[in-house]
Amino acid sequence: MPAPVEIRNSPTGKIFPAIGPFLIAVIFGFFALKGLGSGAPGGRLFLVAALALGCLGLGLFLARGAFDTSVQVVLDASGFRDRRGGDVLVPWEKVRGVRLTSGQGSAMLNFELTEPPPGAIRYAPANTLNLILPFGKNIVHMEVSSLDTSGPDMIAAIRRFAPHVAVGS
């Protein structure tokens with residue numbers, strides 16, 4: 001039996017998206033300090049400072065996962081478990097197929113199940129679209145671009161653990 005595959009967050013996959021908000025926070029902070037030094041009106045100065053702090057907070061929120069070294073996804077002989085999406089084991093017997101999709105800098109694994117996913121997974125942020133729209137109710141989406149293992153490597157592990165699962169492109 002192959003050893004389980006434990007996948008963690010990728011530091012670069014979490015820090016790079018935070019660079020934009022940090023840069024915007026620096027720009028707004030610069031203008032807030034420049035306005036403070038030149039005696040700008042308080043209302044507009046407060047707005048620019050609030051925008052700087054908001055962007056800084058967003059950057060910190062996005063970068064926080066880079067320092068989380070715990071296991072996020074586990075693939076093993078019994079099934080897969082995504083801690084970010086409910087931490088529920090989905091057995092390979094319930095998986096009909098898997099597809100790796102990518103676009104605009106992100107990658108996602110879409111697991112097609114033989115029955116609706118367990119309730120805890122259904123409320124994961126990536127799966128909220130399945131609650132609203134009637135199609136795709138047996139699909140579980142797993143974002144993989146922020147993890148330390150690539151999508152093709154995860155597909156190879158799925159083929160080892162569950163050869164019966166159809167792999168699409």
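**Close-up views of a predicted model**

**View 1. Strand 2 and strand 3 form an antiparallel pair.** Strand 2 (residues 71-75) and strand 3 (residues 79-82) are linked by 3 bridges; two strands pair if DSSP finds at least two bridges between them. Strands (E, at least two residues) and helices (H or I, at least four) are DSSP runs numbered from the N terminus. Valine 74 has arginine 81 of strand 3 as its bridge partner. The model is predicted, so local features need pLDDT of at least 70 and side-chain atom pairs count only at pLDDT 80 or more, whereas totals for chains, interfaces and linings use all residues. Residues are numbered from 1 along each chain as its sequence is written, and side-chain values use heavy atoms, with hydrogens and water left out.

**View 2. Strand 3 also pairs with strand 4 in the antiparallel sense.** Strand 4 (residues 89-91) and strand 3 share 3 bridges, and phenylalanine 80 has valine 90 of strand 4 as its bridge partner. The hairpin of these strands has 6 residues between them, and glycine 86 adopts a positive phi near 110° there.

**View 3. Serine 146 lies in the loop between strand 7 (139-143) and helix 5 (151-161).** Serine 146 counts as buried because its relative accessibility is 5%, buried meaning under 20% relative accessible area with a 1.4 Å probe and protein chains only. Its side chain makes a polar contact of 2.8 Å with that of glutamate 143. A polar contact is a pair of N or O atoms within 3.5 Å; within protein, one must be able to donate a hydrogen and the other to accept it, and residues adjacent in sequence count only if both atoms are side-chain atoms. Leaving aside neighbours within four places in sequence, serine 146 is in contact (heavy atoms within 4.5 Å) with Asn9, Ser10, Gly13, Lys14 and Arg84.

Technical notes
Buried means under 20% relative accessible area, exposed over 50%, partly exposed in between (1.4 Å probe, protein chains only).
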